[in-house]
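I opened my notebook on a structure that is new to me. These entries record what I looked up, beginning with a pocket and moving on to salt bridges.

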Amino acid sequence: WSPPGPSVDLAASPRTATMPALLLDPEQRFTCRQCGRCCRRGWDIALTPGELDAYRKAGAARFFRASLEQAEGTEPEPWEPIPGYAPHLRLRKRADGACGFLSPENRCRIHEELGADRKPLTCRLFPFRFHPTGGPPVVTASFCCPTVIANQGALLATQAQELRSLAPDWFRAYPEPVHDV
């Protein structure tokens with residue numbers, strides 16, 4: 001066994017100069033297998049004001065179901081206040097803890113009906129997480145995801161442009177203090 005090499009510094013190319021550089025593990029792989037496990041973890045999926053407005057305008061409530069036995073679209077509001085963080089809202093969960101937009105086929109109904117780029121920013125970024133530093137943000141992958149644990153799929157380096165494109169939106173929506181690494 002030998003320790004992994006240093007993180008890869010994926011500086012923005014001239015074409016993507018407005019996107020930040022990122023530090024990625026050069027050996028980490030991930031391609032979503034659509035197992036739906038992340039959608040069943042019971043995490044709070046916070047909504048940005050822009051996402052909430054877009055979902056209301058698109059009538060996204062019609063894709064929500066409070067239980068698998070219930071028909072879609074019978075609930076008036078698929079979002080609710082985040083306790084202790086009013087006026088911020090999150091997606092409502094079903095009684096079993098799963099996201100109310102998860103279909104019986106493990107598919108996101110927002111993704112199916114509105115497109116992948118319209119899913120909540122938190123969902124588009126998962127299983128990744130940005131960590132602000134004094135230099136390029138560090139990108140980590142959550143071991144709550146079985147595909148990350150198995151290290152299956154495409155190398156993160158091949159996904160750098162997509163990750164870089166999400167970083168500005170993430171830091172605007174969820175600002176954090178810079179940490180030394």
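I sorted residues first: Ala, Val, Leu, Ile, Met, Phe, Trp, Tyr, Cys and Pro count as nonpolar, Asp, Glu, Lys and Arg as charged, and the others, Gly among them, as polar. The model is predicted, so I kept its rules in view: local features need pLDDT of at least 70, side-chain atom pairs count only at pLDDT 80 or more, and totals for chains, interfaces and linings use all residues. Residues are numbered from 1 along each chain as its sequence is written, and side-chain values use heavy atoms, with hydrogens and water left out.

**Pocket entry.** I looked up the second largest pocket. A pocket is an open set of points on a 1 Å grid over the protein atoms alone, where a 1.4 Å probe fits, with protein on both sides within 12 Å along at least five of seven lines; lining residues have an atom within 4 Å of a point. Its volume (the space filled by probe spheres set on the points, which are joined across faces, edges and corners) is about 370 Å³. The lining has 15 residues, and Ala 46, Ile 82, His 88, Ala 173 and Tyr 174 lie nearest the centre. Strand E3 (46-47) and helix H5 (160-173) are the elements that give two or more residues to this lining. Helices (H or I, at least four residues) and strands (E, at least two) are DSSP runs, numbered from the N terminus. By type, the lining divides into nine nonpolar, three polar and three charged residues.

**Salt bridge entry.** I searched the whole structure and found 15 salt bridges. Each is a side-chain nitrogen of Lys or Arg within 4 Å of a carboxyl oxygen of Asp or Glu.

I checked Asp 44 and Arg 90: their closest N and O atoms are 2.8 Å apart. This pair links distant parts of the chain, 46 residues apart, with Asp 44 in the loop between strands E2 (22-24) and E3 and Arg 90 in strand E5. Asp 44 is partly exposed at 37% relative accessible area, and Arg 90 is buried at 13%. Buried means under 20%, exposed over 50%, partly exposed in between (1.4 Å probe, protein chains only).

Then I turned to helix H5. Arg 172 forms a salt bridge with Asp 169, the closest N and O atoms being 2.5 Å apart. These two are three residues apart in the helix, so about one helical turn separates them. Arg 172 is exposed at 60%; Asp 169 is partly exposed at 31%.

Last, I noted a network of salt bridges that links Arg 65, Glu 72, Arg 107, Arg 109, Glu 112 and Glu 113.
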